[in-house]
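Student: I would like to go through the labels used for this model and see what each one rests on. Please set each value against its cut-off.

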Amino acid sequence: MTLDEQYQKELKQSELDHHTPTAAAMTSHILANLELLKQKARQFRYYQSDVTVQAVMTGLETSFTIQFEQVSQALLALSAIVPTTFAEFEEYGMLELNGRDKYLNASEQLDMIKDDLKTANLFIERGIELAKRESLFNLQMLLTYLLKFNQQFIE
């Protein structure tokens, strides 16, 4: 099978998965949101003068990177498709990146991250239910960890 044929097969499978909600399809949204959160934390870290908030953003960026890798590995173990392109992150992600947000004050940036985590949790909660329904225990536990991490930061 050629590279183009392999990629077309992937696109077709991804389209099918997203029309019939599966844990893997929902997890693609979760991964895209993690990538966007990582980018937002980096953007805020670069432009934030408050060293405490810089440290928080560094920690979040690291956590989101690790979480992305862990969830990706779980999907790959299921022979599922992992989003890897900017186009996929844009299509599946439900969070927004805006260049002007880097100029928000520290409190506004932290509030924005919390709001984004609340949005991300909607997908994580749905992913947990789908993983449970599909008897994907490892994925269910990993997503439960992500939900707990986000909840702790929000509080």
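Student: Why is Lys38 called buried?

Tutor: Lys38 has a relative accessible area of 14%. Buried means under 20%, exposed over 50% and partly exposed in between, with a 1.4 Å probe and protein chains only. Lys38 is therefore buried. Lys38 lies in helix H2, residues 23-47; helices (H or I, at least four residues) and strands (E, at least two) are DSSP runs numbered from the N terminus.

Student: What is the source of these values, and how are residues numbered?

Tutor: This is a predicted model, in which local features need pLDDT of at least 70 and side-chain atom pairs count only at pLDDT 80 or more, while totals for chains, interfaces and linings use all residues. Residues are numbered from 1 along each chain as its sequence is written, and side-chain values use heavy atoms, with hydrogens and water left out.

Student: Which residues is Lys38 in contact with, leaving aside neighbours within four places in sequence?

Tutor: Glu61, Phe64 and Thr65. Contact means heavy atoms within 4.5 Å.

Student: What makes H2 as a whole largely enclosed?

Tutor: Of its 25 residues, 20 are buried, so the rest of the structure largely encloses H2.

Student: How do you know that the span of H2 agrees with its number of residues?

Tutor: The expected span is 1.5 Å times one less than the number of residues. For the 25 residues of H2 that gives 36 Å, and the end C-alpha atoms are 36 Å apart, so the two agree.

Student: Why are H3 and H5 called roughly parallel?

Tutor: The axes of H3 (residues 51-77) and H5 (residues 106-133) cross at roughly 25 degrees and come within 11 Å. Axes are lines fitted to C-alpha atoms, for helices over the stretch in contact, with angles from 0 to 180 degrees between N-to-C directions. Angles under 35 degrees count as roughly parallel, over 145 as roughly antiparallel, 65 to 115 as roughly perpendicular and the rest as oblique. H3 and H5 are therefore roughly parallel.

Student: Which residues meet where H3 and H5 touch?

Tutor: Val53, Val56, Met57, Leu60 and Phe64 of H3 meet Ala106, Gln109, Leu110, Ile113 and Leu117 of H5.
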